[in-house]
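Subject: Structure handover

Hello,

Here is the structure for your files. My notes on helix packing, aromatic rings and overall content follow it.

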Amino acid sequence: MAKLSRHTFRSNTLPAITTVGPVTLWLAFFVAVPLIYVFIMSFCSLDEGYNVVFKFTLANYQRLLDPNYIQIYGTSIFVAFITTVLCIVVGYPFSFLIARTTSKHKALLYMLVIIPFWTNSLIRIYGWRTLLGTNGWINNLLIMMNLTDTPIEFLYNRGATILGMFYCLFPYMVLPLYSAIEKLDKSLIEASADLGAKSRSTFTRVIIPLTMSGIFSGSIMVFIPSLGYFFVSDILGGGNSDVIGNLIERQFQSGNNWPLGAALSIILILITLLLVKLYQKLGGDMDNLGV
């Protein structure tokens, strides 16, 4: 009996441990442990020298209701919402074009979406600042064409922040949409046309409902990062349209208030989990979220 148990362990359990074990240890060390540390930190206090004291308090979460912070929450939600809507409006036709094209250019169009991932987003955002600056190419072109006498200030406003968010997160909308549209059953579209439905009705009553999972998963993948991409607001917005990520970054850097920054981080994580759970409840495919 002992030999049989030992043989079963070697043939079944040991390979599973060998395969899953390193991944589990990696996730535990680099994901679980830091999250637990941040969670504990969110209930800590600060002494007079701004040193973290492991003394339990709820003051950090109470400070989240500060009117100044609430204003930043509102700005964050507005920026994230507009960015998500823009990504849907622009990304859906682009995704539909890629999914429905049958030419050799399909791979090229798909690569145009993937290529931005090859370059760090911070570098690309600095490129936009150079492009939109008062001495940038766009202003120089406008002056050269006599469309304006003085440079236009494109940077350091909410519009520039939304543009940067849209540019960085657009691929995250296209990929889930492409996956959902690619799986669309063409026979249902043909059946809609056979029943006398016009193109607009087919799009709104057949195509949109059947690809709603891609729209919702793409919205999550755009909306949540928009709340935390503080470097976009810093570089293009000039601090005039702060998001929650800016608030967290300041607490860990200049504010030297790690417990408050940890509390803000926990709230952002809870928002993420809530949206993912809502997506799962609505029947969404978790593979579209990359989890």
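In this predicted model, helices α5 and α11 cross in a right-handed sense. Helix α5 covers residues 121-132 and helix α11 covers residues 230-237; their axes come within 10 Å and cross at roughly 20°. An angle under 35 degrees counts as roughly parallel, so α5 is roughly parallel to α11. On the α5 side, the contact is made by Ser-121, Leu-122, Ile-125, Tyr-126, Trp-128 and Arg-129. On the α11 side, Phe-231, Val-232, Ile-235 and Leu-236 make the contact.

The other helix pair I looked at is α8 with α9. Helix α8 (residues 186-194) packs against helix α9 (residues 199-210) at an angle of about 160°, and their axes are 10 Å apart. Since angles over 145 degrees count as roughly antiparallel, α8 and α9 are therefore roughly antiparallel to each other. This crossing of α8 and α9 is also right-handed. Leu-188, Ile-189 and Ser-192 of α8 make the contact with Thr-202, Val-206, Ile-207 and Leu-210 of α9.

Next, the aromatic rings. With ring centres required to lie within 6.5 Å, the count comes to twelve aromatic pairs. One of them is Phe-230 with Phe-231, at 6.3 Å centre to centre and with 85° between the planes. Planes over 60 degrees apart count as edge-to-face, so the pair of Phe-230 and Phe-231 is edge-to-face. Are these two residues buried or exposed, or in between? Phe-231, which also takes part in the contact with α5, has 16% relative accessibility and therefore counts as buried, the limit being under 20%. Phe-230 has 30% relative accessibility, so Phe-230 counts as partly exposed.

Elsewhere, Phe-39, Phe-43, Phe-56 and Tyr-61 form one aromatic cluster. A charge also sits over a ring: the charged end of Arg-100 lies over the ring of Phe-96, 5.9 Å from the ring centre.

Finally, the figures for the chain as a whole. The protein chain has 13 helices and two strands. Of its 291 residues, 36% count as buried. Among contacts in the protein chain with a separation of 6 or more, 66% are between residues 24 or more positions apart.

Regards

Terms used: Residues are numbered from 1 along each chain as its sequence is written. This is a predicted model: local features need pLDDT of at least 70, side-chain atom pairs count only at pLDDT 80 or more; totals for chains, interfaces and linings use all residues. Side-chain values use heavy atoms; hydrogens and water are left out. Rings of Phe, Tyr and Trp (its six-membered ring) pair if their centres lie within 6.5 Å; planes under 30 degrees apart count as stacked, over 60 as edge-to-face and the rest as tilted. Buried means under 20% relative accessible area, exposed over 50%, partly exposed in between (1.4 Å probe, protein chains only). A charge sits over a ring if NZ of Lys or CZ of Arg is within 6 Å of the ring centre and within 35 degrees of the ring normal. Axes are lines fitted to C-alpha atoms, for helices over the stretch in contact, and angles run from 0 to 180 degrees between N-to-C directions. Helices (H or I, at least four residues) and strands (E, at least two) are DSSP runs, numbered from the N terminus. Angles under 35 degrees count as roughly parallel, over 145 as roughly antiparallel, 65 to 115 as roughly perpendicular and the rest as oblique. A crossing is left-handed if the near helix is turned anticlockwise from the far one by less than a right angle, and right-handed if clockwise. Contact means heavy atoms within 4.5 Å.
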